[in-house]
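This report describes selected local features of one protein structure. Please consult the sequence and the model shown here.

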Amino acid sequence: MRSSLKRAGPTTLAMLLAFLVLPATSLATSDDLNQVGEGILGDTVPINTMWVVIAAVLVLFMQAGFAMLEIGFSRGKNAGTGVAKILTNLSIAAICYWAVGFAFAFGSDEVFGGLGSIIGSNGFFLQLAGTGGVDGLAGNSGLPVMAVSDATVEAKFLFQFAFCAVSLAIVWGSTLERIKYSAYVIYAIVFAALIYPIGSHWVFGGGWLQNGDTPLLPVGMQDFAGSTAVHLIGATGALAALLLLGPRKGKYGSDGKPRVIPGHSMPLVGLGVIILFVGWFGFNAGSTLGATDVRLAEVAVVTLLGAAGGIVGAFAASQIRLKTIDIGMIGNGMIAGLVAITAPSGYVEAWAGPPIGFVAGLIVVFGVIAIDKKLDDPLGALSAHGLAGVWGTLSCGFFTAPRLAEYNAFGNPEGGLLYGGGFDQLISQAVGVLIAFTFVFILSYATFAAIKATIGLRVTDEEEDAGLDIVEHGMYGYPEQFIPLPEIGAASTGPASGTGTKTAPVPPASATTTTPGKVPA
C-alpha cells in the first residue's frame with residue numbers, strides 16, 4: 001500500500017517550517033495576566049467569556065457533523081478520507097486564522113491605516129494594539145465590531161475561528177470522491193488566511209458592507225451570524241472548485257442525464273444533520289457574544305423555528321417533486337432552514353422563523369435537482385449553504401424588526417419591508433450578497449486554477465476507481481468490504497468463538513490475488 005506522505009512531502013515540510021518562524025510576541029504578555037490578578041476584570045467578564053467559549057465548542061463540534069454527513073454521502077471506498085480531511089483542515093485553519101486571519105477579519109486599522117473598511121490589521125497572533133473598549137479592558141478597542149462584548153479576546157478568537165472552520169468544511173462537501181488530498185491543504189491555507197477573513201470582514205466584521213460605507217448601499221448590510229459571511233462564502237468556494245474539478249466518473253450518462261450515486265450510509269447522514277442542528281445553537285445564539293442581556297435565548301428559539309420550517313418545506317417539496325420522502329432531501333431541508341435563519345436570527349421576531357425556514361426548505365429541494373443536471377454536488381452544498389444562504393440574507397430585507405435593528409445598530413432602524421421600512425434594507429442585502437459572492441469566487445477560482453495547473457486538482461481515473469481511502473491513505477475505511485478474507489484474517493472464528501470453526505491460516509502476501517491500491521473484484 002502506498003503512502004500519501006511521499007507525494008505530500010513538500011507540503012508537510014512547509015507546515016513544519018511554519019512553526020519555526022512564529023514571533024516571540026505571540027506569547028501572552030504580563031499585562032494580559034495582570035488584568036486577572038489585579039481584579040481589573042468587570043463582574044460580567046467571566047460569565048460572558050464562559051458563554052462565548054461554550055458556544056465556540058458547540059460550533060467546533062459541528063465538524064463531527066460535517067464528517068458524518070460527508071462520510072455518509074460517500075461510497076464505502078471513500079469513507080475514511082473524510083476523517084483525515086476534517087482533522088487536517090481544522091488544524092491548518094486554526095494556525096492560519098490565529099496568525100493573520102483573525103486580524104484581517106475583525107481587527108482595527110492599526111497597521112494598514114485608513115483601510116479598516118476593507119481589511120483589518122490589528123490582532124496578528126492575538127497581539128492587540130490599543131486600549132479602551134469595554135470597561136477599559138486592554139485590546140477591546142482593537143476589535144471594533146466586537147467591543148460591545150466584554151468577553152476576553154481569546155474567547156472571541158476561538159468563537160470566530162470555529163466559524164472559519166465551518167465555512168471551510170462546506171467547500172469540501174461538493175468535491176467528494178475525486179479531489180487530491182494535497183489540494184485540501186493548499187486551499188485551506190489561502191482560505192483561512194485571506195479569502196474568508198477579508199470576505200467576512202466586509203459582511204459582519206465591521207467592514208464597508210456592514211457599515212454601508214459605499215454609495216452602492218442605501219443602508220448597512222445585516223448578517224447576524226453568517227448566512228453570507230460563513231455559508232455563502234463556503235458554498236462559493238465549492239462552486240469554484242466544482243467548475244474546475246468536474247463530476248465523478250459515471251455521474252452523467254452518454255445522453256448527459258445525471259445518474260444517482262448513492263452514499264453508503266443514510267444513518268450517518270442523519271447523525272451528521274442532528275449534530276449540526278445542536279451545534280447551530282452555539283452558532284447563532286453565541287453570536288450575541290454575551291449572556292448577561294439574555295438575548296441568546298431569543299436567538300436560540302428563532303433558530304429552532306427556522307430549522308423546523310426548513311424540514312416542513314423540504315418535506316412538501318420532496319412530495320411535490322419526487323413523490324416520496326427523500327431522506328437526504330429532508331436532512332438538507334433542516335440544514336437549509338438553519339442556514340437561512342442564521343443571518344436574520346438576531347434581527348427577526350420568533351414568528352418569522354418558520355416562514356424563513358420553510359422557503360429555504362423549498363429552495364434546497366428544487367435547487368439540488370436543478371444543479372444536479374449540470375454540476376456533481378454529492379452533498380447538495382451549493383443549494384443548502386449557497387442558495388439558502390442567499391435567501392436567508394435577503395430575508396432580513398423583509399422580516400427585520402425595527403427594535404432589533406436599533407439594538408444591533410446595523411442597517412435600517414425602521415426595519416424590513418413588512419414593517420414599513422421600505423426597500424432600502426432589501427437592496428443592501430442583495431448588493432452585499434452579489435459583492436461577497438464575486439470577491440470569493442474570483443479568489444477561489446484563481447487558487448484552484450493555480451493548483452490544477454501545478455500539482456493537479458483531481459486524482460486519476462484509476463485512483464478514483466480504487467477509492468481515495470487506499471490511494472491517499474494506504475488503508476480502507478471498511479477493510480472487511482474490500483480485502484479478501486485470507487488476507488485480512490477471519491473474525492469470530494476458532495475454539496474461543498464457540499462456532500466450532502478453526503481459523504484458516506493466513507497465506508503469505510505472495511499468495512494473495514490482490515494488488516495494493518486496487519479494489520479486489
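Is S265 buried or exposed?

## Basis of the report

The structure is a predicted model, in which local features need pLDDT of at least 70, side-chain atom pairs count only at pLDDT 80 or more, and totals for chains, interfaces and linings use all residues. Residues are numbered from 1 along each chain as its sequence is written, and side-chain values use heavy atoms, with hydrogens and water left out.

## S265

S265 is buried, its relative accessible area being 12% (buried is under 20%, exposed over 50%, partly exposed in between; 1.4 Å probe, protein chains only). This serine is placed in the loop between α8 and α9 (266–285). Its side chain reaches the backbone nitrogen of L268 at 3.2 Å.

## Helices α5 and α8

The axes of α5 (residues 153–173) and α8 (residues 227–245) come within 7 Å and cross at roughly 30 degrees (axes are lines fitted to C-alpha atoms over the stretch in contact, with angles from 0 to 180 degrees between N-to-C directions). Helices are DSSP runs of H or I with at least four residues, numbered from the N terminus.

Contact, meaning heavy atoms within 4.5 Å, involves F163, V166, S167, I170 and V171 of α5, together with V230, H231, I233, G234, A235, G237 and A238 of α8.

## Positive phi values

F125, in the loop between α4 (81–106) and α5, is not a glycine, yet has a positive phi near 55 degrees. F125 is buried at 16% relative accessibility.

A409 is likewise not a glycine and has a positive phi of about 70 degrees. A409 lies in the loop between α14 (402–408) and α15 (424–454) and is exposed, at 60% relative accessibility.

Conventions:
Helix = DSSP H or I, 4+ residues; strand = E, 2+ residues; numbered from the N terminus. Polar contact = N/O pair within 3.5 Å; in protein donor to acceptor, adjacent residues only side chain to side chain.
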